[in-house]
Amino acid sequence: MHHFLVVAMLMGAPAAWGQTFEVASIRRCEATADAALNRGGPGGRAGGAEMSSGRIDIKCQTVEGLIQLAYNLALETGRMPLLEPMEGGAGWTRSERFTISAKAETSVGQDAMKGPMLRALLEDRFQLKVRRESRDVPVYALTVARGGAKLRPHEEGSCVGLDPSMKGPPTKPFCGTTNSIRKGGSVTIQFRAISFRDFARNLGVNGGPQLLDRPVVDKTGITGTYDIDLHFAPDYSNPGFQKDVVSDPSGPSIFTAVQEQLGLKLEPAKGPVEYLVIERVERPTEN
């Protein structure tokens, strides 16, 4: 049985910003054609939301997606947030989708709207109550291999920051996130301007690509940001990869690729991982 340690209640009222949404409309989204909008990305969306000064519009998002958006802000403006593992909540929180349009009384920044203001809205309209727990679980420890790391420091201009006003696809990868390039049975994952804390989290089961079956904890001690291209033959039994192609049996595994291409190692270990736990959530009254 895992050791459970409740480390903190989640950030509560948006007192630091001193503002809540003046008007908020919430309605069920039945149009499956709009479901892809919950993924966010380019075209004026930031982390699944379209934002302008003092206004936020979120289209066809699950409650789990709303919680991830509200509680997983990027550490730096212009970078993608990383998702934390989540537990609890009924099945409808992962299947039913909602569209939210909310407006603040005055102009306010997007981090305030996506963070404490959206959290307050979810707590009010969805009766949401969540907490964080830190647990010791099986992980992979990312360490420096014998012979030292083989890394490429971040090159200025190799990526672009997230911009809610962006129209159309970006001309370069987003900074601080991943880009997958598939060719035959192999894949190349590009990381641009990424710290090793975020690189490790992206490799793990809760990262965007879901490359491994466990969380990954950074034990390298390496600071700064780097541009990384990792080429390997993925294990399609992991949920993050589509099973529409056959893995290349001649290609390196991710474990071999990390060691040979980056001078790092992935070793089984136990370590603390923070979870979001849903204690209570209800369907909202639509308006």
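1. Start with Ile-56. Setting aside neighbours within four places in sequence, Ile-56 is in contact (heavy atoms within 4.5 Å) with Phe-21, Ala-49, Glu-50, Met-51, Ile-100, Ser-101, Ala-102, Met-113 and Lys-114. Keep in mind that this is a predicted model, where local features need pLDDT of at least 70, side-chain atom pairs count only at pLDDT 80 or more, and totals for chains, interfaces and linings use all residues. Residues are numbered from 1 along each chain as its sequence is written, and side-chain values use heavy atoms, with hydrogens and water left out.

2. Ile-56 also turns up in the largest nonpolar core, which has 32 residues; Phe-21, Ile-56, Ile-58, Ile-67, Leu-122, Phe-126 and Leu-128 touch the most other members. At least two residues of this core come from each of strand 2, strand 4, helix 1, strand 6, helix 3 and strand 12 (264-280). There is a second, separate core of 24 residues, with Tyr-140, Leu-142, Ile-189 and Leu-212 among them. For the terms: a nonpolar core is a set of buried Ala, Val, Leu, Ile, Met, Phe, Trp, Tyr and Cys residues joined through side-chain atoms within 4.5 Å. Buried means under 20% relative accessible area, exposed over 50%, and partly exposed in between (1.4 Å probe, protein chains only). Helices (H or I, at least four residues) and strands (E, at least two) are DSSP runs numbered from the N terminus.

3. Strand 3 and strand 4 are joined in the antiparallel sense over three bridges, and Glu-50 stands opposite Asp-57 in strand 4.

4. Twelve of the 16 residues of helix 3 are buried, including Met-113, Pro-116, Leu-118, Leu-122 and Arg-125. Their cover includes strand 2 (21-28), strand 3 (50-52), strand 4 (55-62), helix 1 (63-71) and strand 6 (97-104). After helix 3 comes Gln-127, with a positive phi near 50°.

5. Ser-53 lies in the loop between strand 3 and strand 4. Is Ser-53 buried or exposed? Ser-53 is exposed, with a relative accessible area of 55%. Leaving out neighbours within four places in sequence, Ser-53 is in contact with Ser-107 and Val-108.

6. On to the cysteines: the whole structure has two disulfides, each a pair of cysteine sulfur atoms within 2.5 Å. Cys-29 is joined to Cys-60, with S to S at 1.8 Å. Cys-29 is in the loop between strand 2 and strand 3, while Cys-60 is in strand 4, 31 residues apart. The S-S torsion of Cys-29 and Cys-60 is about 55°, so this disulfide is right-handed. Cys-159 is joined to Cys-175, S to S 2.1 Å, and a torsion of about 95° means that this one is right-handed. Both cysteine pairs are buried.

7. Last, the three-stranded sheet: open, order 8-9-11, with antiparallel pairing. The twist averages 15° from one strand to the next. Strand 8 and strand 9 (residues 186-194) are joined by six bridges, and Ser-180 stands opposite Ile-189 in strand 9. Helix 4 (residues 196-203) lies across strand 8, strand 9 and strand 11, at about 150° to strand 9.

Note on methods
Two strands pair if DSSP finds at least two bridges between them. Axes are lines fitted to C-alpha atoms, for helices over the stretch in contact, and angles run from 0 to 180 degrees between N-to-C directions.
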